[in-house]
Amino acid sequence: MRDTMERIESVKAGSLGGIATGMSYGLMLTIDRLLLHEYSRSFVTLGLAVSIAIVSGFLFGVTYRYIIRCDRNEHLNSGAVLAFGLVRGLAQVNVDEFELSQVWIDSLIVAKSVIVFAIARYTLDRALAKSWVLPFAQPSQDLSIAISGRVERELDANLMGESNK
């Protein structure tokens with residue numbers, strides 16, 4: 001039962017990460033296309049690039065949920081974003097045709113990847129704060145404790161909302 005609940009929460013985190021990454025990367029590709037007047041790439045190529053971003057975002061979401069668990073270590077959270085962003089960004093850099101004059105373009109490619117995963121992190125942090133996605137439970141922690149904490153927060157929020165009326 002616990003493994004099933006953990007898998008469901010991981011799929012939720014991964015799906016949210018994939019959606020956030022796909023949407024932000026698609027927006028960046030659209031802006032690139034408009035600003036650079038780069039219309040030579042086909043829609044199939046663009047769709048494939050966004051699909052790869054969605055898969056990367058899904059994997060980021062699942063991994064990020066596992067990395068943060070229940071503690072809030074900012075260095076660990078930022079390190080996960082930087083690690084995924086650097087791996088994805090540096091993989092896109094063409095080292096066979098490297099020129100020193102093109103370093104700024106390569107830096108932009110890497111920066112876009114880091115920004116995309118930062119947006120996914122922000123989305124996942126919001127989902128965790130709102131208890132839409134539960135953090136990964138420690139082996140000694142029962143998932144029912146995390147769920148009961150989620151229910152308590154929802155009840156507190158509802159009570160606070162009713163008392164403000």
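The questions and answers below go through a few features of this predicted model.

Residues are numbered from 1 along each chain as its sequence is written, and side-chain values use heavy atoms, with hydrogens and water left out. Local features need pLDDT of at least 70 and side-chain atom pairs count only at pLDDT 80 or more, whereas totals for chains, interfaces and linings use all residues.

Me: Is Gly 26 buried or exposed?
Reply: Gly 26 is found in helix α1, which covers residues 2-35, helices being DSSP runs of H or I with at least four residues, numbered from the N terminus. Buried means under 20% relative accessible area, exposed over 50% and partly exposed in between, with a 1.4 Å probe and protein chains only. Because its relative accessibility is 17%, Gly 26 counts as buried.

Me: How far apart are the C-alpha atoms of Gly 26 and Leu 46?
Reply: Gly 26 lies in helix α1, while helix α2 takes in residues 43-68. Along the chain, Gly 26 and Leu 46 are 20 residues apart, and the separation of their C-alpha atoms is 8.3 Å.

Me: Why does Phe 58 count as partly exposed?
Reply: Phe 58 has its place in helix α2. Phe 58 counts as partly exposed because its relative accessibility is 33%.

Me: How is α2 oriented relative to α3?
Reply: The axes of α2 and helix α3 (residues 74-92) come within 11 Å and cross at roughly 155°, where axes are lines fitted to C-alpha atoms, for helices over the stretch in contact, and angles run from 0 to 180 degrees between N-to-C directions. Angles under 35 degrees count as roughly parallel, over 145 as roughly antiparallel, 65 to 115 as roughly perpendicular and the rest as oblique. The crossing angle therefore makes α2, relative to α3, roughly antiparallel.

Methods: Helix = DSSP H or I, 4+ residues; strand = E, 2+ residues; numbered from the N terminus.
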